[in-house]
Amino acid sequence: MPELPEVETVRQTLLKLVKDEVITTVDVYWPKIIKKPDDVVIFQQLLTGQSIVDINRKGKFLIFELDDYSLVSHLRMEGKYGIYSSDTEKDKHTHVIFHFESGRSMHYHDVRKFGTMHLFNKGEAERSLPLAQIGTDPFEPEYLFEEIFPKIKKSSRAIKNILLDQTIIAGLGNIYVDETLFRAKIHPLRSGTSLTETEGQLILREAKDTLAEAVKQGGTTIRSYTNSLGEIGMFQQELFVYGQTGAPCKTCGSEIEKFKVSIVVPTFVQAVN
DNA sequence: CCGCCATCCTGTATGC
DNA sequence: TGCATACAGGATGGCG
């Protein structure tokens, strides 16, 4: 559920809280979250003594830059990081705790346990899965029409599904795809092959603009999302269609209707008029 | 190569 | 009230 703007908000908030912290020990309560290395004990050993130099982001992935390693973290639907004093009890849904020399600790909390962590040697993260397959993020310089539109144009899939495909554009999920297509006035079921260059340019521009506005607002709070200070985002006030089923359209006043784009990648909502 | 689908999870909502 | 079922959703890997 956290998409690019929410992950970016977490990155900025968390960096201020943990920059230069030094990891002493790591507790892992749900080992399946740790995807690499295979052995969780090795994961814990490698992290010991590492300091957090920086936090980067690619699409929806957070990348903790340590002295010798990069820790790639995906929050999936409900993953959250919070900072506490080290004597704070873990709660039911805390699955990983990073203890710091300062006496504070960073808890990874994830009700659905879908989040993932991959630890790589420095420099190897970008060319390894999962990052290796991830496409351009709209805030990277490679976010160019001539790079991306050909990939859209050759796909027979619905444009909504194409925009959700992280190998083509990184960072969009259901919320921002729905908002982008509404703003671009492109129907979500239009096939990639049917889109004109003008429409493609419009979609890519609206995607970036929508994400940029959402980052400014601190993201969108739907259900449980908050940043690492427990703060909610404000972009939900700006939503035209996502979660607006039954509400009047902000541009034409007609009722927002919901329909399913596909079983795997559900729901789009839009106004009828 | 391409697209579809199951899988991983559990809290919340809905149906009977 | 309680139980059963549906639903939400990102990325991966397997299949046709």
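Trainee: How far does pLDDT reach 70 or more in chain A?

Mentor: This is a predicted model, so confidence comes first. Chain A has a mean pLDDT of 89, and 95% of its residues reach 70 or more. Over residues 264-273, however, pLDDT stays under 50. The model still has 51 contacts beyond four places in sequence for residues 264-273. Where pLDDT is low, the predicted coordinates should not be read in detail.

Trainee: Which annotation covers residues 2-115?

Mentor: An annotation is taken from a record, and it may be inferred rather than shown by experiment. Here the unreviewed UniProt entry carries "domain: Formamidopyrimidine-DNA glycosylase catalytic" for residues 2-115. In the model, residues 2-115 are 41% strand and 20% helix.

Trainee: Now DNA strand B. Which residues are closest to DNA strand B?

Mentor: Begin with the list of residues, then ask which part of the DNA they face. DNA strand B is surrounded by 13 residues, and Lys-32, His-93, Lys-113, Ser-155 and Ser-156 are the closest. By class, the surface near DNA strand B has six charged, four nonpolar and three polar residues. Among the atoms of DNA strand B within 4 Å of the protein, 63% are from sugar or phosphate, and the rest are from bases.

Trainee: Which side chains have an N or O atom 2.9 Å, 3.3 Å or 3.2 Å from a phosphate oxygen of DNA strand B?

Mentor: For a polar contact, the pair of N or O atoms must be within 3.5 Å. The side chain of Lys-32 has an N or O atom 2.9 Å from a phosphate oxygen of DNA strand B.

Trainee: What lies 2.8 Å from a phosphate oxygen of DNA strand C?

Mentor: A polar side-chain atom of Tyr-242 does. The side chain of His-74 has an N or O atom 2.6 Å from a phosphate oxygen of DNA strand C. In the case of Gln-166, the corresponding distance is 3.5 Å.

Trainee: Next, the backbone. Where is there a cis peptide bond?

Mentor: Look at omega. The bond joining Lys-36 and Pro-37 is cis, with omega about -5 degrees. Pro-37 sits in the loop between strand 2 (34-36) and helix 2 (40-47). Leu-129 and Pro-130 are also joined by a cis peptide bond, with omega about 5 degrees.

Trainee: Which residues have a positive phi without being a glycine?

Mentor: Lys-113 is one of them, with a phi of about 60 degrees. Lys-113 lies in the loop between strand 8 (104-109) and strand 9. Lys-113 counts as partly exposed because its relative accessibility is 32%, and it is among the residues closest to DNA strand B. Lys-185 also has a positive phi, near 55 degrees. Lys-185 follows helix 5 and is in the loop between helix 5 and helix 6 (197-216).

Trainee: Is Lys-185 buried or exposed?

Mentor: Lys-185 is exposed, because its relative accessible area is 73% and the cut-off for exposed is over 50%. Helix 5 (residues 174-184), by contrast, is mostly covered, with 10 of its 11 residues buried. Among the buried residues are Tyr-176, Asp-178 and Arg-183.

Trainee: Why does Thr-136 count as buried?

Mentor: Thr-136 counts as buried because its relative accessibility is 14%, and buried means under 20%. Thr-136 is found in the loop between strand 9 (116-121) and helix 3 (145-153). Beyond its neighbours within four places in sequence, Thr-136 is in contact with Glu-142, Tyr-143, Ile-168, Ile-169 and Ala-170.

Notes:
Residues numbered from 1 in each chain as written. Chains lettered and ligands numbered in written order. Predicted model: local features only at pLDDT ≥ 70, side-chain atom pairs only at ≥ 80, totals over all residues. Heavy atoms only, no water. Helix = DSSP H or I, 4+ residues; strand = E, 2+ residues; numbered from the N terminus. Buried < 20%, exposed > 50% of the residue type's maximum accessible area, 1.4 Å probe, protein only. Contact = heavy atoms within 4.5 Å. Near = heavy atom within 4 Å. Polar contact = N/O pair within 3.5 Å; in protein donor to acceptor, adjacent residues only side chain to side chain. Nonpolar A, V, L, I, M, F, W, Y, C, P; charged D, E, K, R; others polar. pLDDT = per-residue confidence, 0-100.
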